[in-house]
Amino acid sequence: MEWTFEIPFGAVTVRQEGERVLCQALGPMDGNGLYKAWLHGAGGKALLGTLIPEGGALRLRRTISLSQLKGQGVWPPTGAEVVRMQQYAQPVAPLGWQWTDCPGRLLGERSLSRSLQGVDRALLRRAGERFYLAFPCRPEEPFPIPPLFCLASVEQLGQGAHYIFCFSRRGRPEIMYDLADVGNTTSEI
């Protein structure tokens, strides 16, 4: 027998193999905290364990005896959940910048906005009729806004290098002529 429970964070699959039960949980690696998976049954819920990073995702794989799950009142399973037990501290924004969620919504062109669909956060700085978005430089990750590759400036912000883009107040890309508006950059890379 096998059950799959789709949950907002991902999925939990439970498969009976004789007197053993294989439990697996899968969720996106968001870097926001420590996640634990729970199995639900008519008699309560049981902790399956902590998801760990593996292959670009958070995963849990555990084999438990059928008698143990019955004893905890979770057999047969009726549901599952993955809960963030501890949130990691968010990095502090450099002076003059603030964190913004869903930065794609700030952009005026649909194709640019779509290119940021997988990006949850960015640094934002408003300066007069313009605003700037900054994304951490991580060579192992895709470039944040591929259509604007030639318009990016790479600058040191706070503790690390960032790609910085300039936009009009309506969210249209602009060439960055003067980095003085960006402020708080310590050196050009």
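This report describes the sheet, the salt bridges, the nonpolar cores and the cysteines of a predicted model.

**Sheet**

Five strands make up an open sheet, arranged in the order E1-E2-E3-E7-E6 and paired in antiparallel fashion. Strand E1 (2-7) and strand E6 (52-54) lie at the edges; each has a single partner strand, so one side of each is left without a neighbour in the sheet. On average, and with direction ignored, neighbouring strands of this sheet are turned by 25° against each other. Within the sheet, strand E2 (residues 10-17) runs antiparallel to strand E3 (residues 20-28), and seven bridges join the two. Ala11 has Leu26 of E3 standing opposite. In general, the strands of a sheet pair through backbone hydrogen bonds, in either a parallel or an antiparallel manner.

**Salt bridges**

Side chains of opposite charge can pair when their charged atoms come close. In this model the count of salt bridges is seven.

| Pair | N to O distance |
|---|---|
| Glu81 and Lys45 | 3.2 Å |
| Arg169 and Glu129 | 2.6 Å |
| Arg130 and Glu174 | 2.7 Å |

Glu81 and Lys45 form a salt bridge. This pair links distant parts of the chain, with Glu81 in strand E8 (residues 77-87) and Lys45 in strand E5 (residues 44-50), 36 residues apart. Glu81 has a relative accessibility of 23% and therefore counts as partly exposed; Lys45, at 44%, also counts as partly exposed.

The salt bridge between Arg169 and Glu129 likewise links distant parts of the chain, 40 residues apart. Arg169 belongs to the loop between strand E13 (160-168) and strand E14 (173-174), while Glu129 belongs to the loop between strand E10 (121-127) and strand E11 (130-136). Both Arg169 and Glu129 are exposed.

Arg130 and Glu174 meet through their side chains in a further salt bridge. Here Arg130 lies in strand E11 and Glu174 in strand E14, 44 residues apart, and the pair again links distant parts of the chain. Arg130 is partly exposed at 35% relative accessibility, and Glu174 is partly exposed with a relative accessible area of 23%.

In soluble globular proteins, nonpolar side chains tend to be buried together. The largest nonpolar core of this model contains 24 residues, and those with the most contacts inside it are Val12, Val14, Leu39, Leu48, Leu51 and Val82. Two or more residues come from each of E1, E2, E3, strand E4 (33-41), E5, strand E7 (57-65), helix H1 (66-71) and E8. When neighbours within four places in sequence are left aside, Val82 is in contact with Ile7, Phe9, Val12, Tyr35, Lys36, Ala37 and Leu51. Another core, of 15 residues, lies apart from the largest one; among its members are Leu116, Leu133, Leu148 and Tyr163.

**Cysteines**

A disulfide is a covalent bond between the sulfur atoms of two cysteines. A search of the whole structure finds zero disulfides. Cys102 counts as partly exposed, at 47% relative accessibility, whereas Cys150 is exposed, with a relative accessible area of 75%.

Conventions. Residues numbered from 1 in each chain as written. Predicted model: local features only at pLDDT ≥ 70, side-chain atom pairs only at ≥ 80, totals over all residues. Heavy atoms only, no water. Pairing = 2+ DSSP bridges. Helix = DSSP H or I, 4+ residues; strand = E, 2+ residues; numbered from the N terminus. Axes fitted to C-alpha atoms, helices over the stretch in contact; angles between N-to-C directions. Salt bridge = Lys/Arg side-chain N within 4 Å of Asp/Glu carboxyl O. Buried < 20%, exposed > 50% of the residue type's maximum accessible area, 1.4 Å probe, protein only. Core = buried A, V, L, I, M, F, W, Y, C linked by side-chain atoms within 4.5 Å. Contact = heavy atoms within 4.5 Å. Disulfide = S-S within 2.5 Å.
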